[in-house]
Structures are given as C-alpha cells and as structure tokens.
Amino acid sequence: MRPVTRRQADHHAARSAATRAQVMSTLERLLDSGESFSEISVQRILEEAGVSRATFYAHFQSKSDVLVRLTDELRESLLTLARQWDPGAGAERFARFFEEVIKIHRAHQGVLTAVREAASYDSAVGDFYTADLEGFDEAVLRTLLSEQATGATPADLDAVAASRIIVWGGAQAIAHHIRVDDGSGDAVFARELARIWWHGAYRRPAGAW
C-alpha cells in the first residue's frame, strides 16, 4: 500500500472540513427558514446538503451533534465578548455590550431557538446549553468578586446568587425580546438591561433594599 503523502492528507482534511461546513450550513439554513429542529430529519439534511448517509455519520454522531457544533463557535464568540467586559467602563459601555450580544443572537436566531428547544428533550444539547450558560455565569461571578475585592461592588452583594440571576434570567429575557420585537427596540432593551445589571449588582449601594 502506498504511503499517504502530506498533500493527500491535506486534501482529505480540506474535503472533510468542506463536508462538515456544508452539512452545518444546511441545517442552519433550514432553521433560519423557520423549520423546527425536531421536524428536520437527518434524511432531509442529507438531501439538502447533497451528502450520503455514510458521509454524514463519518463526520457527525447525530443531528444533535450538528447543532452543537453549529453553536460552539457562536458560544466562543459570545464568551470572548463577555471576557472583554470591563465594569470600569460604565453602564453606557455595558449597554453597547448588550447591543452586540443581541445583534449576534438575532443573526443566529434559528440556531439558538433550536438549541433551547432541543435542550428540553435531548441530553446532549441540554448539557451543551447548560455548559454554555455556566460559562457566562462563571465569567460574571469572577468579575463581581474582583469588583468586590476593589470595593467597587458592595461586600454585602451575594456574588454567586447575583451572577446566576443576571446570567440565567438575562438569557431568557434576551430570547423573549428577540421573539416579540422586530429589532427596533434593541437599543432601548440593551440600555435597560445594562442599567438593571449595573445598578442592581455592579454598583448597587451598600446595604440597599
């Protein structure tokens, strides 16, 4: 048997990457068209993407695996954005941060809706969705604890509870806003969300009720 050359290996890797991208973009296109994730079969994806069943399963474990991979890069971009948040920049900068978050969510609304839908009945997607929000939760918690250490955030704030409320509650609020708003209210929503987070946790007066 002839040894596989570097060029052949690179060609195979490129073809595999192209196949994965084709399948993933096909699922995203179907979701963006308004189709429910639960109603999209693997066979439908195969037909739309133009790949065989054997090829599909050579790259993905299941339909849910495609969805998780679709969301993975999106999660990293959102986490990167969250890590760049500097409370010292003020509430208005926080509002612009949320505008960016909402913009990303709108651009991938079909995928994110599918993740929330599938998380309720698919353990693989549910674990991913939970890990996604837990990542944001941890990032916010670290920031709150750091701000408490400098005295900028009051010591009587329960950072663990606060991070859970603003991250998990905020995720639901953003999802609902996108469902009911055409985009014209994004800036106002982002500003109000930023003020609630800022004045309710980051810069809440000590001892306030």
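The following legends describe close-up views of a predicted model.

View 1. Helix α8 comprises the 22 residues 159–180. At 1.5 Å a residue this helix should span 32 Å, and its end C-alpha atoms lie 31 Å apart, which agrees. The buried residues of α8 include A159, A162, S163, I166, V167, G170 and I174. These buried residues pack against α5 (91–107), α6 (109–119), α7 (123–150) and α9 (186–202).

**View 2. The N-terminal cap of α8.** D158 caps the N-terminal end of this helix. A side-chain oxygen of D158 is placed 3.2 Å from the backbone nitrogen of V160.

**View 3. Salt bridges of R106.** The side chains of R106 and D181 form a salt bridge, with an N to O distance of 3.5 Å. R106 belongs to helix α5 and D181 to the loop between α8 and α9, so this pair ties together parts that are 75 residues apart in sequence. R106 also forms a salt bridge with D186, where the closest N and O atoms are 2.8 Å apart. Because D186 lies in helix α9 and R106 in helix α5, this second pair ties together parts 80 residues apart in sequence. R106 is partly exposed at 22% relative accessibility, whereas D186 is buried at 14%.

**View 4. The salt bridge between R203 and E147.** The closest N and O atoms of R203 and E147 are 2.8 Å apart. The pair links distant parts of the chain, 56 residues apart: R203 is in the segment after α9 and E147 in helix α7. R203 is partly exposed, with a relative accessible area of 26%, while E147 counts as buried at 12% relative accessibility.

**View 5. A salt-bridge network.** R29, E35, R44 and E48 are linked by salt bridges into a network. The structure as a whole holds nine salt bridges.

Key
Residues numbered from 1 in each chain as written. Predicted model: local features only at pLDDT ≥ 70, side-chain atom pairs only at ≥ 80, totals over all residues. Heavy atoms only, no water. Helix = DSSP H or I, 4+ residues; strand = E, 2+ residues; numbered from the N terminus. Expected span 1.5 Å × (residues − 1). Buried < 20%, exposed > 50% of the residue type's maximum accessible area, 1.4 Å probe, protein only. Contact = heavy atoms within 4.5 Å. Polar contact = N/O pair within 3.5 Å; in protein donor to acceptor, adjacent residues only side chain to side chain. Salt bridge = Lys/Arg side-chain N within 4 Å of Asp/Glu carboxyl O.
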